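Colleague: I am learning to read protein models and would like a close look at one part of this one. Could you start from a single residue and then take me outward, step by step?

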Amino acid sequence: MLFEIGSTIIMSGVAGYAYLKTNGSPSNDAGKIQKIFANSGWNGRNGETIRLQRKDKFKGGVEYVYQIPLGFDRKKIEADKHILEDGLNIRHKHLEVDLYDLLKIKFDKTVLKQIKKILTNKKIKRKEIELDFDGMLRIKVYNECMQDQHDWDESYLKKGTWSVSIGQTRQGVVRHDFDEHKHLIIAGATGYGKSAILKLIVVSLVLQQLDNVNLHLIDLKGGSAFQRFKDLKQIKNFTRDPSEAKDILEAIQKDMNKAYTDIVDQGFEDIKESGRKERHFIIIDEAADIAGDSSCMDVVTDIARRGRGAGFYLIYATQYPSSQSIPQQTKRNIPSRLCFVLDDATASNTALGQTGAEELPLIPGRGIYKNVKSQVVQTPYINNKEIKKRIEPHIVIRPRKEEEGDKVEPRQGEKGGSNTFEFEEV
Ligand SMILES: Nc1ncnc2c1ncn2[C@@H]1O[C@H](COP(=O)(O)OP(=O)(O)OP(=O)(O)O)[C@@H](O)[C@H]1O
């Protein structure tokens, strides 16, 4: 009986598979792509269509290489990539079950369970695509979604450098090298990973450049994400109070001016050429809260413009990207962006200079990192327990206010000792 049910299902599966193959219906991805291009008006000016040149299989997907017609607007397709992705994920009346999956079925009492599993897997799998242009249009179709969490470990560090891991793609780790690309704007709706990546950047900088990194943390979000860092010996300024932000920014600007003059006076073009080792990071989390204060924003813009040469790098995070929270001049001086999901295309355009962030899946840590080119990444995730473990050896117990006059020297924190700092877990 079981055998009969199983073999009937398999035979109808094989028949369905053969039907789809011979019928030439656009159940195959190449056919679907061609149809989507025609229906979306993405073809060339005279209606010329893209032409499939090659189809290469790789592990986990297929790459389709197309010749593109004259007048083809690649920006339009990049912006509307989701249309292509949605089209490829439209299901037919027949589920596109692989013949290979059917042939793997074992005829025992679990046969129905196995078939159900194959069909369920098929239903929840979503294809994702990547686009590339190099004279040809390359569309990589992946059979499965990107992994939705990458736990951070020490292998993400690159000791002695200013290059920090910012994301993971299918091809590997994506890094932001602050000495090369300098400042960074981070945007994203609440709850999708801004604080998490800021914490990871702080931890990475501390562990990679223990003696050379100077951190200025301006945490205006009202939460306590940065609180755990405030007693690190690398912290030069820390505030959660918007009214203190202006004084701190002005003091940083003064130091930046001095560093800049020293470097230029010594005949160097920038800090890298001067061989100086120290760098300053000004990290502002919720930048929108100081956006209305023109004196603060003048300093921010000045750091964005002149900080690169002096080794003063800005990391500017906001959940409300608008022309007010990210002024045009600041934006122009910060080409690197990391953007998590945003409410709409306008916000994506403001933060990223392109649409797309509004179409990201609702997965914490999923973002678009844009430097020279933009790519979808999953930011590595470090939890608070791991952060505590990593930074604890670098905590110093600072003198309390009343002791300051007595010039008490800061002491190094000891693991498990009486100086162990208490952390607030958020
Ligand atoms: N890269 C990631 N991988 C997996 N989970 C993540 C990642 N980043 C964040 N999360 C999860 O999402 C939660 C919210 O992240 P986070 O606090 O960074 O958001 P946020 O954008 O800063 O939000 P808010 O602005 O409200 O503080 C985290 O507590 C964590 O559980």
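This is a predicted model: local features need pLDDT of at least 70, side-chain atom pairs count only at pLDDT 80 or more; totals for chains, interfaces and linings use all residues.

In which helix is the place of Lys76?

Modeller: Lys76 has its place in helix H3, which covers residues 74–79. Lys76 counts as exposed because it has 11 C-beta neighbours inside 10 Å, and a residue is called exposed at 12 or fewer. Sequence distance and spatial distance can be compared here too: Lys76 and Thr355 are 279 residues apart in sequence, and their C-alpha atoms are 10.0 Å apart in space.

Glu273 belongs to helix H10, residues 271–274. Glu273 is exposed because 12 other C-beta atoms lie within 10 Å of its own, and 12 still falls inside the limit for that label. Here the pair to look at is Glu273 and Leu207: they are 66 residues apart along the chain, and 24 Å separates their C-alpha atoms.

Now let us step back to the whole protein. Its secondary structure comes to 14 helices and 16 strands. Of its 426 residues, 31% are buried. Among the contacts with a separation of 6 or more, 66% are between residues 24 or more positions apart.

Next, a sheet. Four strands make up an open sheet with antiparallel pairing, in the order S1-S2-S4-S3. Strand S1 (51–58) and strand S3 (128–133) are its edges, each pairing on one side only. On average, and ignoring direction, neighbouring strands of this sheet are turned by 20° against each other. Inside the sheet, strand S2 (residues 61–67) and strand S4 (residues 136–142) run antiparallel and are joined by seven bridges. To find this pairing on your screen, look for Val62, which stands opposite Val141 in S4. Two helices belong in this picture. Helix H2, residues 29–39, lies across S1, S2 and S4 and runs at about 45° to S2. Helix H4, residues 81–88, packs on the sheet and touches S3 and S4, with a direction that makes about 135° with that of S3.

Strand S5 (residues 163–168) runs antiparallel to strand S6 (residues 173–177), and five bridges join them. Ser163 stands opposite Asp177 in S6. Four residues lie between the two strands of this hairpin, and Gly172 takes a positive phi near 150°.

For parallel pairing, turn to strand S8. In general, strands of a sheet pair through backbone hydrogen bonds, either parallel or antiparallel. Strand S8, residues 213–219, is mostly covered, with six of its seven residues buried. Seven bridges connect S8 with strand S10 (residues 279–285), and these two run parallel. Leu217 has Phe238 of S9 as its bridge partner.

Finally, let us visit the ligand. There are 16 residues around the ligand, and Gly193, Ser195, Ala196, Pro364 and Gly365 come nearest. By class, this shell has four nonpolar, 10 polar and two charged residues. An unreviewed UniProt entry lists a "binding site" that includes Gly188, Tyr192, Gly193 and Ser195.

Gly188 sits in the loop between strand S7 (184–187) and helix H8 (194–208). Gly188 is buried because 28 other C-beta atoms lie within 10 Å, and 20 or more is what that label asks for. Leaving aside neighbours within four places in sequence, Gly188 is in contact with several residues, including Gly193, Gln319, Phe340, Val341 and Gly367. Tyr192 is likewise placed in the loop between S7 and H8. Tyr192 counts as buried because it has 23 C-beta neighbours inside 10 Å. Not counting residues up to four places away in sequence, Tyr192 touches Phe340, Val341 and Pro364.

Key: Residues are numbered from 1 along each chain as its sequence is written. A residue is near a molecule or strand if its C-beta atom, placed from the backbone, lies within 6 Å of it. Ala, Val, Leu, Ile, Met, Phe, Trp, Tyr, Cys and Pro count as nonpolar, Asp, Glu, Lys and Arg as charged, and the others, Gly among them, as polar. UniProt positions are given in the numbering used here, feature names are shortened, and annotations may be inferred rather than shown by experiment. Two residues are in contact if their C-beta atoms, placed from the backbone, lie within 7 Å. Two strands pair if DSSP finds at least two bridges between them. Axes are lines fitted to C-alpha atoms, for helices over the stretch in contact, and angles run from 0 to 180 degrees between N-to-C directions.
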